[in-house]
Structure formats: C-alpha cells, structure tokens
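Dear colleague,

Here is the structure you were going to receive from me. My notes on it follow below the model.

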Amino acid sequence: MQFVTNGPDIPDALLQAHEEGRVVFFCGAGISYPARLPGFSDLVDRLYQALSVTPNPVQQSAIKAGQFDTAIGLLEAEDKRGREGVRRKMAEILTPDLTAPNATTTHEALLALAQNRKGHIRLITTNFDRLFEEVRAAKSLTFQGFKAPL
C-alpha cells in the first residue's frame, strides 16, 4: 500500500504486523542528520581534527576498516587527555542543533509510528544523542525507556 504519491510501497504483511504490535523500529544515526549531527565515520574524523591528532598507523587501519569504536578507544588510550578528555570533546561534537529545520521531525514521527495499540513504544536506537529524550520532554510524552545493557 502506498500512503503518499511516489512514496514507498508498504507490504500488507508489514502493516498487519504493525497493527498487531509485532514491529520494532531500529533507528541509527541517519535520523539525527537534520540536527546537524555526524554519522560514526564523520564523528571519528571530527574528533581527531578537534583534538588536533593525526591518526597513527594502527588507528588509520581501524578507521579504514570501519572499526570506528576501536579507533576512538585507541585514541582514548593514547591521547594525553585520556578517556575523559576525548569523551568531553565527543560530547561537544554530538551536541545537536535543535534550531536546525526539522531537527526532531523524524524522531517525532518515529515515536508516533512505533506506538502500538496499547500505547507502548516499540523502538530501539543505537544513537548516542538524546533527541528522542528531547522530543519526549518537548511533547510531554510518557513512555518507559530502557538503557543498555538490558
């Protein structure tokens, strides 16, 4: 079924599963791009630049292999600022621009779509940002949240 002209064709089986509360939305970094937040690769690039660090060969290898969490861990272990200093800089980079156009529009839509008939939100995010929490507060939404590991 198509809900909007030139939009995606949603299979009936998926619509039925959603109606029955059997769909879980998995959300990654892409949904936060409108708030001017980086993806994982860009985060690592920005982090090394912000700290004025040139990746050493081991770090470069991790970055090239897409092992961004490893590259950050290596940076934390080797940088003079240590884990705390690197994490502070990462937090600065991951501060969303809530004034950007449509910064949380996708988050709002996903929270509405992910709600089942009983009012439970069925959504998992891998994001470091707290934009779902921002929407929760701004819209006075009440739902149970869980933090990893669960």
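Accessible areas here come from the Shrake-Rupley method with a 1.4 Å probe, and for residues only the protein chains shown count as cover. On that basis the chain exposes about 10,100 Å², and carbon and sulfur atoms supply 53% of it.

This is a predicted model, in which local features need pLDDT of at least 70 and side-chain atom pairs count only at pLDDT 80 or more, while totals for chains, interfaces and linings use all residues. Residues are numbered from 1 along each chain as its sequence is written, and side-chain values use heavy atoms, with hydrogens and water left out.

Overall form

The chain has seven helices and two strands; these are DSSP runs numbered from the N terminus, with helices being H or I of at least four residues and strands E of at least two. Their order along the sequence is α-β-α-α-α-α-α-β-α.

Along the principal axes, the C-alpha atoms fill a box of roughly 55 × 35 × 30 Å.

Of the 150 residues, 31% count as buried (buried is under 20% relative accessible area, exposed over 50%, partly exposed in between, with a 1.4 Å probe and protein chains only). Among contacts (heavy atoms within 4.5 Å) with a separation of 6 or more, 61% are between residues 24 or more positions apart.

There are 17 positive and 17 negative charges, and their mean positions are 4 Å apart. Lys and Arg count as positive and Asp and Glu as negative, with His and the chain ends not counted; each charge is placed at NZ of Lys, CZ of Arg, CG of Asp or CD of Glu.

Cores

A nonpolar core is a set of buried Ala, Val, Leu, Ile, Met, Phe, Trp, Tyr and Cys residues joined through side-chain atoms within 4.5 Å. The largest one has 15 residues, of which Val-44 and Leu-47 touch the most other members. Helix 2, helix 3 (57–64), helix 4 (68–78) and helix 5 each supply at least two residues of this core. Another core, of nine residues, lies apart from it and includes Cys-27, Leu-110, Leu-123 and Phe-132.

Leaving out residues up to four places away in sequence, Leu-47 touches Ile-72, Leu-75, Val-86, Lys-89, Met-90 and Ile-93.

Single residues

Arg-36 sits in the loop between strand 1 (25–27) and helix 2 (40–50), and Asn-102 in the loop between helix 5 (82–93) and helix 6 (105–113).

Thr-104 is also in the loop between helix 5 and helix 6. Thr-104 counts as buried, at 17% relative accessibility, and beyond four places in sequence it is in contact with Leu-98, Leu-131 and Val-135.

Glu-108, in helix 6, is partly exposed with a relative accessible area of 31%. Glu-108 touches Val-135 and Lys-139, again not counting residues up to four places away. From Glu-108 to Leu-131 is 23 residues in sequence and 9.4 Å in space, C-alpha to C-alpha.

Asn-116 belongs to the loop between helix 6 and strand 2 (123–125). Asn-116 is buried, with a relative accessible area of 17%, and touches Gly-21 and Arg-122, not counting residues up to four places away in sequence.

Regards
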